[in-house]
Protein chains: 2
Amino acid sequence: MSFLQRTVTCGFLRPEHSGNEVVLNGWIHRRRDFGSVTFLDIRDRYGITQVIIERDEMPEIGEIAKELRAEFVVAIKGTVRMRENPNMNIPTGLIEVVAQHLHIVNKAEVPIFEISDENLANEELRLKYRYLDLRRPTLQKNFIMRNKLYQLTHRFFAEHDFIEVETPILTKSTPEGARDYLVPSRVHNGLFYALPQSPQLYKQLLMISGFDRYMQIVKCFRDEDLRADRQPEFTQIDVEMSFIEQDTIINLAETFIHTVWKELLEQDIPSEFPRMSFHEAMNRFGSDKPDTRYSLELTSITHVVNNSAFKVFQDACSLQDGAIIALNAKQCAGFSRKQIDELTEHAKKYGAGGLAWIKWSIEGDIQSPIAKFLTEDELQSILSACSAEKGDMILIAAGEWERACIIGGALRTEIAKRTGILDAVIGTFSFLWITEFPLLEFSSEENRYIARHHPFTAPMNEDVHLLDSAPEKARAKAHDLVINGYEVAGGSIRIHQNAVQQRMFDLLGFTLEESESKFGFLLSALQYGAPPHGGIAFGFDRLSMLVAGTENIRDVVAFPKTTSAYALMEQSPSRVAAKQLGELGINVEIKK
Amino acid sequence: MSFLQRTVTCGFLRPEHSGNEVVLNGWIHRRRDFGSVTFLDIRDRYGITQVIIERDEMPEIGEIAKELRAEFVVAIKGTVRMRENPNMNIPTGLIEVVAQHLHIVNKAEVPIFEISDENLANEELRLKYRYLDLRRPTLQKNFIMRNKLYQLTHRFFAEHDFIEVETPILTKSTPEGARDYLVPSRVHNGLFYALPQSPQLYKQLLMISGFDRYMQIVKCFRDEDLRADRQPEFTQIDVEMSFIEQDTIINLAETFIHTVWKELLEQDIPSEFPRMSFHEAMNRFGSDKPDTRYSLELTSITHVVNNSAFKVFQDACSLQDGAIIALNAKQCAGFSRKQIDELTEHAKKYGAGGLAWIKWSIEGDIQSPIAKFLTEDELQSILSACSAEKGDMILIAAGEWERACIIGGALRTEIAKRTGILDAVIGTFSFLWITEFPLLEFSSEENRYIARHHPFTAPMNEDVHLLDSAPEKARAKAHDLVINGYEVAGGSIRIHQNAVQQRMFDLLGFTLEESESKFGFLLSALQYGAPPHGGIAFGFDRLSMLVAGTENIRDVVAFPKTTSAYALMEQSPSRVAAKQLGELGINVEIKK
């Protein structure tokens, strides 16, 4: 089981090594037989080196070479020489190694699928054989890029005086937001730990302990039904700072992102990013994480049609916070009935009852299912408000303001995808801060206020008085960093005063007992000299996706799970022994 | 809720800043009133700065100062000047800040206990109010040291071409060794994830994927009954390399540890550490992780007494692998009956039936409960074999070889503690590799072989043939790094051949179905071109303890749990809502 150990990697050799005797270890990437010579491309993480076997001179090696197939692991001893036909596409392309010894270190079955970025096998198969798929050039490149992001992150925050501290993974269940993953305790039967959705409270306690600047690259967990860009466990760069204002964090995050783009993508992006209030972002883009690489903005036509006799508009305008939102889909008047039906279905997913539209054809005809309910004047006013031109199509959403905006935003994204607007901006980046989020929102389901961000977010100074009079109007000292429509980071200034935190729990409808049993340690800590503090958490996986240029989170997570939180390779979750459950004092109760 | 934000930290100011106007934020560390002036020591992570309040000149500030108590958070604006009475013990001791503005940013209750390294409150109370205890100078220093260790580790392995890759926390339960923490799946009711005891298989798969060199600072989990130096979750520096032999890893680990001691402790330790086989370590020190800062070695007297008529010795010698192990407790002949009883109890904890001893008093008398069973010649031979002198006491353990050694080793440690031998070496370090571990051991409980290290460890080349004839004699390509009696790192060369891995599972008594259901993905991966590989994992917490100079793991873990795996501050584990359990399809079954 010993083997001939390499003296150089497959990415090392250059013309100046000509004449050197070397040993290479690696995988057979390709084998080509030409008459009396065989060429082998030997691959490792560092590159590919061409090996030449002169079969007439080395008949024994020639025999071994016959056995070689793709992905065999080999050790080759030989002499470096200049190539007759250089390959300028690879860094080792000027040389080759003439084999003197060849050993098969480990054989390989024919791979289940071709290890290549072309003709990808279906993703399920590739996830099952993840160790083979990870050999693909694109995935190798992604994880090398992800590694650079780790190194840069460690270095950046260390240089800015941050201390790396690890917080527990076995934490306390305090469900307020997403679902916790639970871990039954064996020592304390009937009690459970929870895996952290974020180290939020721990990092606040570290500030109260005086650590001043904390950072951690940390796994977090949410037991949610997964979307394509979510995993049940995900990684964040968690950051918290004391004695700061919101600008301090925002500036630090900008410097960090600037450094990432500069070092990993060699792009010089702005050192400051525009900021936009939640309200403005919703009005203009129908999203609190708008993709601002393209404009395609929404228009509020509430004031234009607020006297309309059309019942849908009337109903929306009669709401306390109603709005009628239009999107000018430029040059989309040619959309077919089917395409409009698809847009309608899309709008319904976001809560629309239906979709009103007005087509203004190139020829000047106006076609619209709602035309009969509107006066000619109203119709013209809508077109004019939307700066419509011949060939455009106006899409209209009506209802409660935020809902109408969200529907408008969903249509905006869909139109961008369908018209080439999105294709035109691929490879570019747009950075944006969203600020002034509402602190609370009313949940009619739970019949109480819930925190938009989390219950530890501080209200804006000028809105503190609203906590008593109109809590839903209070804005938070919260900030989200949006890149190309992804929420890449989110954070806030936290509440550092016990009384304000109590008031917040109160607003959220917690009884004193609930506050105490869930968050007693935080309330206590806030009584012992808590500094003003705040922070931010960057989604490491999303950041990796952006710098790697992929839209599939599984391209940047080494061993990902499917959208049903299943690991196809290990086949996990799995059944466990009755003895294990017995020790934990739990029973499985399979639903009928 | 705005506050006067600092312009400098409390560790920044020096004489060259005299005359500057600055703002400090921090905690009231101490307040002293002298006639018309009040001195405040303001503390933050970076240091302590003296602030002087001239109450006659600034009566309003004087009024506010009266309210100040320890741990209040304040903002102070003032002018730097040279001190009349410098304090040479702190870096800022040459200057002080004359206060012009003083604001109380947040008040503090009187701390539950004094925040000081003297007169420590009991540990339970300190764990409950961990955020206060973390303000203690020693803990601040420890976590700053731990942070340096993270930074050095990230940098060291990056410089050595390692790639940082994250492996899953939600993994598959494959109990083989310690107990897993389980996580019930909501999407797949009745199935469970397990928290990883180590990322062993994932790192091997990364080698098979061609990543060549992997590292990760990673949380691992073991649901074991805890000892003082264990936590249910612990951190390791996990390392794996391809195309290497055992020496490659050992040398790398030596360079790493050398760098740690040099940079964090400014100590120039040897660049190579001695290596000792498991067998030699057991014979000489009665431990596979001996503290070699002191000698106090064991002596095998099996050959000396193998013809003795003493039944205890006869029984031991008649065992297939029996041994009689003696420890010369130098100058311990004066031990009292009570002390010997305590030693006997200690030996029993490690499996001794009793403890035989021979005292050779300063005066030359021999006293021993077993003297009557031994000939004078045997007695003298024992003393001579142990190089005993007057005043010494010989302690003797007899039985199965490994057990007798372990008892001898336990007595060795205890004697070192009780005689000042250990005190004499505190602050020094001794580094040692243990190698040539047995691959397997026979578990009479399970009536099968179990892996000493783990089932993926490769046998030594020269012992492969023993897998068929005498598996218990086969040695492993395993290596443990021992520092001062702590196992600081452990690793091995792994099996990279499918057939050998199958054979190993077979030896461990797994059926084909069991191998397949537990480790099928590994067996499959080994068929597709696995490179020779191996690695090591360093215990990050233990390494932190050593460099921080503490023997309490809770001094280097920010939010530790008690020995019953309970978090006193958050009060976790805790009860969860019936709705949560319902979604997971589990019931709690409280044991009667």
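## Salt bridges and polar contacts between the chains

In this predicted model, 10 salt bridges are found across the interface of chain A and chain B. One of them joins the side chains of R186(A) and D223(B), with an N to O distance of 3.1 Å.

Polar contacts across the interface of chain A and chain B involve 82 residue pairs, with both residues of each pair at pLDDT 80 or more. On the side of chain A that touches chain B, the element that gives the most is helix α4 (residues 137–159), with 10 residues. By class, that side of chain A comprises 67 nonpolar, 35 polar and 30 charged residues.

## Extent of the interface

Contact between the two chains involves 132 residues of chain A and 132 residues of chain B. Together, chain A and chain B bury about 12,000 Å² between them. Of this buried area, 56% is on carbon and sulfur atoms.

## Symmetry of the two copies

Chain A is superposed on chain B by a rotation of 180 degrees, with 0.0 Å of shift along the rotation axis and an RMSD of 0.1 Å. The two copies are therefore related as by a two-fold rotation axis.

## Strand pairing across the interface

A strand of chain A also pairs with a strand of chain B. Strand β23 (residues 586–588) of chain A and strand β23 (residues 586–588) of chain B are antiparallel and are joined over 3 bridges. Within this pairing, V588(A) has I586(B) of β23(B) as its bridge partner.

Strands of a sheet pair through backbone hydrogen bonds, in either a parallel or an antiparallel arrangement.

## A five-stranded sheet in chain A

Chain A contains an open sheet of 5 strands in the order β12-β13-β16-β14-β15, with antiparallel pairing. Its edge strands are β12 (298–300) and β15 (366–367) of chain A, each of which pairs on one side only.

Within chain A, strand β13 (residues 322–329) and strand β16 (residues 393–400) run antiparallel and are joined by 8 bridges. For A326(A), the bridge partner in β16(A) is I396(A).

Terms used
Residues are numbered from 1 along each chain as its sequence is written. Chains are lettered from A and ligands numbered from 1 in the order in which they are written. This is a predicted model: local features need pLDDT of at least 70, side-chain atom pairs count only at pLDDT 80 or more; totals for chains, interfaces and linings use all residues. Side-chain values use heavy atoms; hydrogens and water are left out. Contact means heavy atoms within 4.5 Å. Buried area is the accessible area (1.4 Å probe) that two parts lose on being put together, summed over both. A salt bridge is a side-chain nitrogen of Lys or Arg within 4 Å of a carboxyl oxygen of Asp or Glu. A polar contact is a pair of N or O atoms within 3.5 Å; within protein, one must be able to donate a hydrogen and the other to accept it, and residues adjacent in sequence count only if both atoms are side-chain atoms. Helices (H or I, at least four residues) and strands (E, at least two) are DSSP runs, numbered from the N terminus. Ala, Val, Leu, Ile, Met, Phe, Trp, Tyr, Cys and Pro count as nonpolar, Asp, Glu, Lys and Arg as charged, and the others, Gly among them, as polar. Two strands pair if DSSP finds at least two bridges between them. Copies are superposed by least squares on the C-alpha atoms of residues with pLDDT of at least 70 in both.
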